[in-house]
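Me: I would like to learn how to read packing and backbone features from a model. Please go through them one at a time.

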Amino acid sequence: MTTELYIEIRQYLRELIRNTEWEGHLYAVGGCCRDELMGQPIKDVDMAVDLPCGGIRFAEWLHDNGYTSHHPVTYPNYGTAMLRLKAFPDDELELVQTRKEKYTDHNRRNPETVFGSLEDDCMRRDLTINSLYYDIFGGKFIDITNRGIADIKHHIIRTPADPDMTYDDDPLRILRCIRFASRYGWAIDKDVSESMCRNAHRLEIITAERIHTELDKMLTCKLPVMALELMRECGAMQHVIPELCLTFAMAQNHYHFGTVWEHTLKVVENTPANLTLRMAALLHDIGKIETRRVTNDGDIHFLEHEKASVDLAKNILHRLKYSNAFIDEVTFLIRHHMDLKHYGDDAKNLKDKKLRKFQYLCDTKERFDIMLTLIDADNKAHADGYCMSNQIEIIRRRTANMEADGSAMFGYRLPLSGSDVMRIKGLKPGPAVKECMDYLMKLAFVSPLRPVEEFEKHLKGYHLK
């Protein structure tokens with residue numbers, strides 16, 4: 001939402017709580033305060049009430065007095081309520097009591113949460129920039145650490161409490177720290193950075209789902225390469241995607257610059273902020289850790305590394321609890337990222353029938369475009385003289401011409417079905433029908449606009465193998 005709308009909601013609540021028990025106890029907190037100070041759009045509106053069960057009780061009060069558009073959704077274990085105000089039906093508010101946390105099991109992240117003071121609530125948060133409050137009735141910011149506003153001004157990422165205690169209690173905050181640093185391109189405080197290194201091993205207690213969520217946000221942030229490098233430097237990558245650690249120092253051949261890791265970072269850097277695409281970029285060469293071979297004369301090869309990359313990527317993404325649909329899309333991109341390499345920078349060796357076959361393989365124009373974007377990013381991450389910087393632009397132009405004349409083959413379907421083949425050739429269901437269909441597809445790749453009668457003619461004259 002806009003800052004103006006957010007301020008309007010604040011002012012509305014200010015008048016509602018005047019002369020009530022909530023006056024002086026309601027605060028906006030976290031991201032909305034940070035984003036307002038940074039002049040950015042407000043994503044979420046979180047409110048804290050520094051009274052026991054304050055979040056749920058205030059939500060019920062709003063509902064009982066007719067101010068909400070529905071009954072609040074409450075989560076008593078966390079003292080949290082979600083609601084929408086009738087006056088602002090498009091915007092959801094989250095209300096919670098101020099709380100403190102107690103971690104009783106060193107091997108689990110789930111703390112016991114109880115009511116706490118505003119100071120308690122502040123010190124349990126991940127970063128100073130996320131630990132700011134705005135007193136709704138008093139109309140002022142409250143910076144309990146006396147660092148949050150200054151850290152925004154000076155672009156510093158640090159924890160409100162002692163970082164060793166913060167990360168020992170909840171090591172997921174290491175990944176959140178990395179995510180915010182790379183989101184803004186800000187520096188991490190030296191003491192915090194050192195603590196991240198000391199406590200990275202604690203990430204082993206974090207569930208795959210939570211790591212998955214943070215990784216998604218890192219890969220689609222402003223500076224994904226910064227996030228990946230920070231994970232490498234502090235040791236977090238060992239607990240996120242340990243397979244990538246084997247690429248850090250892995251030398252390549254003369255077609256590349258730097259290590260497999262450095263090449264991977266460049267491919268990620270070359271891609272737009274699409275999660276499927278960036279995940280494929282991150283894992284596209286992971287198979288090199290299994291396929292690297294050095295010949296007697298010192299040449300380095302990674303033959304069929306894309307196949308090994310698919311298998312490893314599947315294992316990694318399943319382990320991190322990604323959906324089967326997401327895994328299928330990522331591994332499709334990885335499997336085919338080498339398909340156009342041998343056609344050269346000018347793509348002159350790529351015949352129209354081969355290009356149509358690649359279009360058909362991708363099925364949709366959207367997937368084809370994403371596939372080309374990954375190949376282009378990979379091409380341009382090679383050594384000078386081997387980066388084929390023109391190839392994909394040429395292929396895009398040729399494809400546009402095919403779309404214009406109707407010969408592109410996205411979502412193409414043969415004009416003859418399997419039943420037609422059986423009728424024309426006098427066949428029963430079986431491998432021979434597939435052989436005929438494959439033959440017809442080869443004809444289509446050469447000339448997809450040929451009339452159905454021509455397909456029938458060729459089929460009648462086709463001799464089964």
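Reply: In helix α10 (residues 224–234), the buried residues are Pro224, Val225, Ala227, Leu228, Leu230, Met231 and Cys234. Buried means under 20% relative accessible area, exposed over 50%, and partly exposed in between, with a 1.4 Å probe and protein chains only. Helices (H or I, at least four residues) and strands (E, at least two) are DSSP runs numbered from the N terminus. The model is predicted: local features need pLDDT of at least 70 and side-chain atom pairs count only at pLDDT 80 or more, while totals for chains, interfaces and linings use all residues. Residues are numbered from 1 along each chain as its sequence is written, and side-chain values use heavy atoms, with hydrogens and water left out.

Me: Where is phi positive in a residue that is not a glycine?

Reply: Most residues other than glycine have a negative phi. Asparagine 146 has a positive phi of about 60° although it is not a glycine. Asparagine 146 is in the loop between β9 (140–142) and α5 (148–154), and at 65% relative accessibility it counts as exposed. Another case is aspartate 363, with phi near 75°. Aspartate 363 sits in the loop between α17 (352–362) and α18 (365–379); its relative accessibility is 32%, so it counts as partly exposed.

Me: How many residues does the largest nonpolar core have?

Reply: In soluble globular proteins, nonpolar side chains tend to be buried together. A nonpolar core is a set of buried Ala, Val, Leu, Ile, Met, Phe, Trp, Tyr and Cys residues joined through side-chain atoms within 4.5 Å. The largest one here has 108 residues, and those with the most contacts inside it are Leu13, Leu175, Ile178, Met231, Ile241, Met279 and Leu283. Helix α7 (residues 172–184) gives the most to this core, with eight residues. A second, separate core has 16 residues, including Leu427, Cys436, Phe445 and Leu459.

Me: What does leucine 175 touch beyond its sequence neighbours?

Reply: Contact means heavy atoms within 4.5 Å. Leaving aside neighbours within four places in sequence, leucine 175 is in contact with Leu203, Ile211, Glu214, Met218, Met231, Ala236 and Val240.

Me: At what angle do α7 and α10 pack?

Reply: Axes are lines fitted to C-alpha atoms, for helices over the stretch in contact, and angles run from 0 to 180 degrees between N-to-C directions. The angle between α7 and α10 is about 145°, and their axes are 9 Å apart. Their crossing is right-handed. A crossing is left-handed if the near helix is turned anticlockwise from the far one by less than a right angle, and right-handed if clockwise. From α7, Ile174, Leu175, Ile178, Ala181 and Ser182 make the contact, and from α10, Met226, Ala227, Leu230, Met231 and Cys234. By class, the contact of α7 with α10 has nine nonpolar residues, one polar and no charged. Ala, Val, Leu, Ile, Met, Phe, Trp, Tyr, Cys and Pro count as nonpolar, Asp, Glu, Lys and Arg as charged, and the others, Gly among them, as polar.

Me: What is the angle between α10 and helix α12?

Reply: α10 packs with α12 (residues 260–269) at about 150°, with axes 9 Å apart. That makes the two helices roughly antiparallel. Angles under 35 degrees count as roughly parallel, over 145 as roughly antiparallel, 65 to 115 as roughly perpendicular and the rest as oblique. Pro224, Val225, Leu228, Glu229 and Arg232 of α10 meet Trp261, Leu265, Val268 and Glu269 of α12. This contact of α10 with α12 has six nonpolar, no polar and three charged residues.

Me: How do the axes of α21 and α22 cross?

Reply: The axes of α21 (residues 431–446) and α22 (residues 452–460) come within 11 Å and cross at roughly 130°. The two helices are therefore oblique to each other.

Me: Where does leucine 464 lie?

Reply: Leucine 464 lies in the segment after α22. Not counting residues up to four places away in sequence, leucine 464 touches Leu427, Ala432, Glu435 and Cys436.
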